[in-house]
Amino acid sequence: MEERVLEQEKIDWGRAPADTPVCVEKEIYLRDIVQTILDGFETPEDVMSELSLTADDAGTEEIPAILEIFVPVINAWKSGSCGMGCAGCTGSCGG
């Protein structure tokens with residue numbers, strides 16, 4: 001019997017709910033990653049250090065993709081150039 005390995009479904013982090021798990025083992029959710037960005041941590045290394053994650057922890061390979069989406073949006077929001085949501089967006093954040 002041939003063994004099949006199921007490929008993990010790719011998550012659209014820009015549309016994922018805040019309670020989407022990133023690292024199940026350490027109970028790290030999308031909201032935790034976003035909070036670290038709000039706290040000023042913007043690189044995968046800084047986020048992982050702040051959340052006590054290592055490269056061996058499952059799910060940490062997703063952190064760069066999450067940062068790629070949320071860092072520009074949060075920085076635009078902090079600088080006042082974001083319209084506070086994509087529904088009424090004028091396109092200034094590129095999202």
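**Salt bridges, helix packing and model confidence**

K26 is partly exposed, at a relative accessible area of 38%; partly exposed covers the range between buried (under 20%) and exposed (over 50%), with a 1.4 Å probe and protein chains only. The structure is a predicted model, in which local features need pLDDT of at least 70 and side-chain atom pairs count only at pLDDT 80 or more, while totals for chains, interfaces and linings use all residues. Residues are numbered from 1 along each chain as its sequence is written, and side-chain values use heavy atoms, with hydrogens and water left out.

K26 forms a salt bridge with D57, with an N to O distance of 3.2 Å; the term requires a side-chain nitrogen of Lys or Arg within 4 Å of a carboxyl oxygen of Asp or Glu. D57 is in the loop between α2 (44–50) and α3 (63–79), and K26 is in the loop between β1 (21–23) and β2 (28–29), so this pair ties together parts that are 31 residues apart in sequence. Helices (H or I, at least four residues) and strands (E, at least two) are DSSP runs, numbered from the N terminus. In contrast to K26, which is partly exposed, D57 is buried at 9% relative accessible area.

The structure contains two salt bridges. Besides the pair of D57 and K26, R15 is bridged to D12, and their closest N and O atoms are 3.5 Å apart. R15 is exposed, with a relative accessibility of 72%, and D12 is partly exposed at 43%.

Helix α1 (residues 30–38) packs with α3 at an angle of about 45°, and the two axes are 9 Å apart. The axes are lines fitted to C-alpha atoms over the stretch in contact, with angles from 0 to 180 degrees between N-to-C directions. The two helices are therefore oblique to each other, since angles under 35 degrees count as roughly parallel, over 145 as roughly antiparallel and 65 to 115 as roughly perpendicular, with the rest oblique. On the α1 side the contact (heavy atoms within 4.5 Å) involves L30, I33, V34, I37 and L38, and on the α3 side I63, I66, L67, F70, V71, I74, W77 and K78.

T20 lies in the segment before β1 and is buried, with 12% relative accessible area. Leaving aside residues up to four places away in sequence, T20 touches I11, W13, Y29 and L30.

The protein has a mean pLDDT (the predictor's confidence in each residue, from 0 to 100) of 83, and 75% of its residues reach 70 or more. Residues 1–7 have pLDDT below 50, and this stretch makes zero contacts in the model beyond near neighbours in sequence. Where pLDDT is low, predicted coordinates should not be read in detail.
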